[in-house]
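Student: I've never looked at this one before. Could you show me how to read a few of its features?

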Amino acid sequence: MSVPQKIGSTRTVLVEKDDAGRVVSRVRRTVLPGGLRVLTEEMAGVRSASIGVWVGVGSRHETPRLHGASHFLEHLLFKGTKERSALEVSIVLDEVGGDFNAFTAKEYTCFHGRVLAEDLPLAIDVLGDMMTSSVITDADVEAEREVILDEIAMHDDDPEDVVHNLFAAQAWGDSPLGRGIAGTEASIEGLTRAQISRFYAKHYRPANMVVSVAGNVDHATVVRQIRAAFGRGGFLDVVEEPVVAPRVAAAKKVIAGESRATRPLEQVNVVLGVRGVTRSDPRRYALGVLNTVLGGGASSRLFQEVRELRGLAYSVYSFASHHVDAGLVGVAVGCLPAKLDETLAVVRAELRKVAADGITAEELARGKRQLAGSMIMGLEDSGARMSRNGKAELIYDELIGLDDALTRIDAVTLDDVAALAADLFSGPEMLAVVGP
């Protein structure tokens, strides 16, 4: 995706065919003035379309004083524009039966929706209006401040959210990666309208945005509609700007140790983990297989050992997270307090075992099938295709087609998994515990 492209030019970046050689999807890319990138994927046999506006700003871009600004701004962009009030934005989206939402991550923010193909022009117009012409008023900031404080309190009542935030804080310390996405009560109360408005002006620029559309669409038509919708107020009439890079200082090294938070709960929630791999590391396919075998389903080692054979916990799974310069691999468990020590001992024993001996040929084959099946079924949805393309353009170096991804999964060997497991699970350990 890093191939240079002139403003206004269009190129095909991916073509996917069925077993008979028929084209089933085609991804095209056009760069509009200002550097706004537009990707479409034409999918045969669907009557809907999914759209996402991907903005290259998340909690990693925030200083301590701006902690939570990305998420705060995500909320505020639904509060009205120069052309539409907040109620009018809601009515327009609701009356076409569409599904619209947004989310903030550590490295990007996404505003997304799914509508009937005939209603896509309206969705494009509303999203373009929101991105370029939102009116951030004092009243809206104060009202939404209370909503976000309620949201933070809600997440603080969820022990699974708390333990994962605690785990990230232990792993990355007081850095942009280690801080929670929504901010803290103190940081949200301290943010001003002026700070949020400057943050909006700095990051919501054409070169820092990607519009991804997938479904029953025509590329040239979508590009014209996006150019009109995002051209409000001269938004595209700027000199092409460089993409704002994430804040990555001191983020690569993990911090070994243990963090605990006391909550009046009946259960203990635990995350035990180690350093992982970056999102561009070629070993991520081996990690996908390893993660599936270790804790990715009912047949996984952890599920069988912790739940089925010993009855130590109801919920146990493994996970992997990837960032531009860092990653984590972890195991999450919820158990009774009296079973915590035994549960941790069993989990650690399984990690040592896979580090020493790798996995079996049967597990390798099963892990590959499970990973491939999940990928194939996931990409049958236009929303998943839209997300794949938008994230690939915004944060990855390439757009990998389904067949290519399946080939890379199939190429994973026992030695690949064994070497990766030995490397990861011999490193420093982080532990987060939330409970009584």
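This is a predicted model: local features need pLDDT of at least 70, side-chain atom pairs count only at pLDDT 80 or more; totals for chains, interfaces and linings use all residues.

Student: Which residues of H1 and H4 meet?

Tutor: From H1 you have His71, Phe72, His75 and Leu76; they meet Asp140, Val141, Glu144, Arg145, Val147, Ile148 and Glu151 of H4. Sort the residues of this H1 and H4 contact and you get five nonpolar, two polar and four charged.

Student: Okay, let me try another pair. How are H12 and H14 oriented to each other?

Tutor: Start with the angle again: the axes of H12 and helix H14 (residues 402-410) cross at roughly 170° and come within 10 Å. An angle over 145 degrees counts as roughly antiparallel, so that is how H12 and H14 run relative to each other. On the H12 side, the contact uses Lys368, Leu371, Ala372, Met375 and Ile376, while H14 brings Leu402, Ala405, Leu406, Ile409 and Asp410. That contact of H12 with H14 divides into eight nonpolar residues, no polar ones and two charged.

Student: Now a single helix. Which residues of H15 are buried?

Tutor: First, the general idea: an α-helix has 3.6 residues a turn, so residues three or four places apart point the same way. In H15 (residues 414-424), the buried ones are Val417, Leu420, Ala421 and Leu424. They cover an arc of only 100° around the axis, which puts them on the same side of H15. Over on the other side of H15, Asp415 and Ala419 are exposed.

Student: Let's zoom in on E11, then. Is Ala332 buried or exposed?

Tutor: Buried means under 20% relative accessible area. Ala332, which lies in strand E11, has a relative accessible area of 6%, so Ala332 is buried.

Student: What does Ala332 touch, leaving out residues up to four places away in sequence?

Tutor: Ala332 touches His164, Val270, Val271, Ser315, Val316, Tyr317 and Phe319. As for Ala20, it sits 312 residues from Ala332 in sequence and 43 Å away in space, C-alpha to C-alpha.

Technical notes
Residues are numbered from 1 along each chain as its sequence is written. Side-chain values use heavy atoms; hydrogens and water are left out. Buried means under 20% relative accessible area, exposed over 50%, partly exposed in between (1.4 Å probe, protein chains only). Helices (H or I, at least four residues) and strands (E, at least two) are DSSP runs, numbered from the N terminus. The arc is that of the directions from the helix axis to the C-beta atoms. Contact means heavy atoms within 4.5 Å. Ala, Val, Leu, Ile, Met, Phe, Trp, Tyr, Cys and Pro count as nonpolar, Asp, Glu, Lys and Arg as charged, and the others, Gly among them, as polar. Axes are lines fitted to C-alpha atoms, for helices over the stretch in contact, and angles run from 0 to 180 degrees between N-to-C directions. Angles under 35 degrees count as roughly parallel, over 145 as roughly antiparallel, 65 to 115 as roughly perpendicular and the rest as oblique.
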